[in-house]
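Please look through the sequence and the model below before reading on.

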Amino acid sequence: MTPENPYEDFFKSSQDQPPRKDIENEPYEQFPAAEENIFEENIHDKRFKNARESLDEVLASLRLFQQEATNFSKLLSETRAIQHKIVSKISRIFLTNKKSPDKKSLAGERAYYRVLTKKFNNIITPMKSLAEIHLQTVEQFNRDIDEDYYSIEKEDHQIKEEKKHAIDGINLQRSILADAAADLAILSGALMATEKRMSRYVDIGNHNNISSSELKLLMADREHLTSGRQHQFQYEIFDINIIDKTVLQLGGYQKETSKQYLSKLLKAFKARS
């Protein structure tokens, strides 16, 4: 018996094949539509319309910070932390308007201690929020804005002007946060000085008496607050000296220095052990 030819199907006549559909009679809609111009399609895409360039986002962050900082700067003025700065007895001789913080009684020291604690909390909470905006601003500027930054919508002179505005804004942020850190340092020092004065009333009897245990707990709570652990915020990182503050006011901004600063800035939000 002759074996079946495996190639038989290839030689069958076209009459044996199923009828072929007439392509010309097919409706046009059944075929894939011609590929549209991707660029034209993207122009009408809301995602592309709402996208902002990196420099615009940095400038927006600066505006947000400034809005929040307006009330914060007024708070610093009203807090008048400088009045609580601890100075030596010798210094007070030359500062005729500087009075001793001694409240002459345990009740007075307690009340003063509560005032200092409240002022400290009033500053550190909004300061942390501002520092978070500052961190976001510095991160994006360092990541996206360099000498070769290019915009498809802006001319070179406008980019140069806006970059300078961004640097000035970042430096202003640092200066404001530095002022707040300095005030917190003053309040922290005043709290510790008050504890020292309160220690004179430990176990002396009468209505001015305070136990050693109570004072130790007050000191532990204060240290938890002023160290930044309570708010998980190391505010001391923002403290700068007079020379650095002068450089900021003059508009200095070096990329390498800024990278080191960013590394330090990230540590501000790490919980202290």
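**From one ring to the core**

In this predicted model, Lys103 lies over the face of Tyr112, at 4.3 Å from the centre of the ring.

The chain has nine helices and zero strands, so that, read from the N terminus on, its elements run α-α-α-α-α-α-α-α-α. Of the 273 residues in the chain, 35% are buried, and the chain exposes about 19,000 Å², of which carbon and sulfur atoms supply 53%. If we take the contacts with a separation of 6 or more, residues 24 or more positions apart account for 80% of them.

What lies inside? In soluble globular proteins, nonpolar side chains tend to be buried together. In this model the largest nonpolar core has 52 residues, and those with the most contacts inside it are Phe72, Met127, Phe233 and Phe238. At least two residues of this core come from each of the helices α3 (54-79), α5 (106-144), α6 (156-198), α7 (212-226) and α9 (255-267). Which residues does Met127 touch, if we do not count residues up to four places away in sequence? Met127 touches Phe72, Leu177, Ala180, Ala181, Leu184, Phe233, Tyr235 and Phe238.

The rings of Phe120 and Tyr235 have their centres 5.7 Å apart, and because their planes stand at 75°, where over 60 is required, the pair counts as edge-to-face. This pair links distant parts of the chain, since Phe120 belongs to helix α5 while Tyr235 belongs to the loop between α7 and α8 (242-249), 115 residues apart. Are these two residues buried or exposed? Phe120 has 0% relative accessibility and therefore counts as buried, and Tyr235, with a relative accessible area of 4%, is buried because its value is under 20%.

Another pair is formed by Phe233 and Phe269, which is tilted, with 5.6 Å from centre to centre and 35° between the planes. Phe233 lies in the loop between α7 and α8 and Phe269 in the segment after α9, so this pair ties together parts that are 36 residues apart in sequence. Both Phe233 and Phe269 are buried, and ring pairs link Phe233, Phe238 and Phe269 into a cluster. Two members of that cluster, Phe233 and Phe238, are also among the residues with the most contacts inside the largest nonpolar core.

Conventions. Residues are numbered from 1 along each chain as its sequence is written. This is a predicted model: local features need pLDDT of at least 70, side-chain atom pairs count only at pLDDT 80 or more; totals for chains, interfaces and linings use all residues. Side-chain values use heavy atoms; hydrogens and water are left out. A nonpolar core is a set of buried Ala, Val, Leu, Ile, Met, Phe, Trp, Tyr and Cys residues joined through side-chain atoms within 4.5 Å. Buried means under 20% relative accessible area, exposed over 50%, partly exposed in between (1.4 Å probe, protein chains only). Helices (H or I, at least four residues) and strands (E, at least two) are DSSP runs, numbered from the N terminus. Contact means heavy atoms within 4.5 Å. Rings of Phe, Tyr and Trp (its six-membered ring) pair if their centres lie within 6.5 Å; planes under 30 degrees apart count as stacked, over 60 as edge-to-face and the rest as tilted. A charge sits over a ring if NZ of Lys or CZ of Arg is within 6 Å of the ring centre and within 35 degrees of the ring normal. Accessible areas come from the Shrake-Rupley method with a 1.4 Å probe; for residues, only the protein chains shown count as cover.
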